[in-house]
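Student: I'd like to go through the rings and the inside of this one. Can we start with charges and aromatics, then move on?

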Amino acid sequence: MNVVSIVTVTLNACEALEDTINSVIHQKYSGIQFIVIDGGSTDGTIDIIKRYSNHIDYWVSEPDEGIYDAMNKGIKKASGKWLYFLNSGDTLCNNVLLNIEECLDDDGIDVLYGDVYVVDGERKERRFALPLERLFWGISFCHQAAFIRNSDRIKYDTDYRIAADYKLIFEKYLNGEKLRYIPYPIANYSLDGISGDYYKTGIETIEVASELLTKSGITDPYYKRILSHQYIQLENRKQLENGENYRCIKEFMDDTLSSDKSLVLFGTGDVTGRFESFMGWGQYDVKFFVDNNKNKQGKELMGRTIREVVSLTREKQITVIIMSEQYNDEMMEDIRRLELHESVEVLDYLDLRREYEDRVESKMLKSAMDEMPNFGRLLRD
């Protein structure tokens with residue numbers, strides 16, 4: 001029987017640790033070496049470990065340099081054919097080792113991986129492993145779903161605090177080692193851990209991917225675009241959550257709109273509502289709306305009158321923004337047929353949004369290149 005060295009790292013998580021231990025010791029598989037690495041807990045964790053010490057082959061409680069330093073300590077004590085890492089709070093699925101016993105006999109495989117159940121409070125759903133090609137820009141499966149063939153070359157890079165497991169797997173893939181998918185849920189994975197921080201996880205993942213792509217001499221622009229897009233998405237989400245996006249949008253609008261002109265919005269459909277949330281036109285002097293729909297003319301929208309398009313000919317010192325994603329060419333043609341005063345400026349919502357996104361994304365990527373050395377190096381190559 002192939003021995004699986006199960007390494008559990010923990011710190012001040014005594015309640016969660018007991019569930020993890022029980023999920024290991026109740027496996028109907030005799031080839032288990034169980035290792036527990038504690039980071040010097042002070043909350044009763046040691047009492048839990050001692051209570052189950054008859055089922056634990058090795059344990060230690062001492063300060064460490066983080067989760068991957070603790071995992072490296074476990075690796076040094078592991079003597080099994082396979083390494084498996086089960087964090088405190090995560091649990092093995094019932095009898096999973098017995099179910100995959102034949103797979104563990106495969107000597108031609110370096111990494112066996114399956115699926116996990118993601119547990120978020122009361123919610124639990126199966127997360128299936130993704131195609132290995134995704135490793136070029138992110139992890140394809142959780143480390144709680146992976147069995148790694150033990151060797152003296154296995155070590156986590158402690159320069160990374162969240163994505164070192166991704167780096168280990170991606171390096172193996174790039175080095176031509178064999179990874180095999182097994183269609184089983186391996187563990188219940190809790191989102192309470194450090195990797196639950198989407199922003200920090202995303203940033204480290206981009207840095208790892210950039211480092212390994214550069215080292216491997218992979219310069220395909222496709223991967224640069226993918227990683228750039230991922231970074232921009234992370235930044236946009238972060239800005240939206242902390243309200244920073246509104247400041248950026250206001251700066252752009254202040255630079256774009258003439259301070260001596262009032263706004264007139266051409267169109268009253270869904271785009272107008274999205275434009276309000278995106279550009280915040282409510283903080284500017286919106287004089288009125290115009291619309292070709294006669295059923296809307298004469299009514300009000302958000303406290304402004306909706307007028308017919310020809311009313312623009314009576315205006316001076318205004319900026320008209322065409323509010324459509326589908327009919328903007330026709331609406332622009334409607335305006336061209338009018339004899340508008342020379343002080344009337346006409347802008348297109350789609351052009352404004354593209355210009356804003358280009359400007360903001362350019363700033364984001366410039367900042368990333370300065371602050372993220374691996375990502376910056378990849379983009380410059």
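Student: Which ring does the charged end of Arg 237 sit over?

Tutor: The ring of Tyr 198, in this predicted model. The charged end of Arg 237 is 3.5 Å from the centre of that ring.

Student: And Arg 149, what is under its charged end?

Tutor: The ring of Trp 82, with the charged end of Arg 149 placed 4.7 Å from the ring centre.

Student: Ring on ring now. How many aromatic pairs does the structure hold?

Tutor: There are 14 aromatic pairs. One of them is Tyr 113 with Phe 141, which is stacked, at 4.2 Å centre to centre and 15° between the planes.

Student: Where in the chain do Tyr 113 and Phe 141 come from?

Tutor: From distant parts of the chain, 28 residues apart. Tyr 113 belongs to strand S6, residues 111-120, while Phe 141 is in the loop between strand S7 (123-127) and S8.

Student: Is Tyr 113 buried or exposed?

Tutor: Buried, because its relative accessibility is 5% and the cut-off for buried is under 20%. Phe 141 also has 5% relative accessibility, so Phe 141 counts as buried.

Student: What about Tyr 166 and Phe 170, how are their rings arranged?

Tutor: They are stacked, 5.7 Å centre to centre with 10° between the planes.

Student: Why are they about one helical turn apart?

Tutor: Because Tyr 166 and Phe 170 lie four residues apart in helix H6. Tyr 166 is buried at 2% relative accessibility, and Phe 170 is buried at 0%.

Student: Which aromatic cluster are those two in?

Tutor: One that takes in Phe 136, Trp 137, Tyr 166, Phe 170, Tyr 173, Tyr 222 and Tyr 223.

Student: Changing topic: how many cavities of 30 Å³ or more does a search of the whole structure find?

Tutor: One. The largest cavity has a volume of about 60 Å³.

Student: What lines the largest cavity?

Tutor: The lining is made up of Phe 85, Ile 139, Phe 141, Cys 142, His 143, Ala 146, Ile 148, Tyr 156, Asp 165 and Ile 169. Phe 141 is also the stacking partner of Tyr 113.

Student: Which strand and helix each supply at least two residues of that lining?

Tutor: Strand S8 (146-149) and helix H6 (164-174). Helix H6 is also where Tyr 166 and Phe 170 are found.

Student: And how do the lining residues divide into nonpolar, polar and charged?

Tutor: Eight are nonpolar, one is polar and one is charged.

Note on methods: Residues numbered from 1 in each chain as written. Predicted model: local features only at pLDDT ≥ 70, side-chain atom pairs only at ≥ 80, totals over all residues. Heavy atoms only, no water. 1 Å grid on protein atoms, 1.4 Å probe; cavity = no way out; pocket = protein on both sides within 12 Å on 5 of 7 lines; lining within 4 Å. Points joined across faces, edges and corners; volume = space filled by probe spheres on them. Nonpolar A, V, L, I, M, F, W, Y, C, P; charged D, E, K, R; others polar. Phe/Tyr/Trp six-rings, centres within 6.5 Å; stacked < 30°, edge-to-face > 60°. Buried < 20%, exposed > 50% of the residue type's maximum accessible area, 1.4 Å probe, protein only. Lys NZ or Arg CZ within 6 Å of the ring centre and 35° of its normal.
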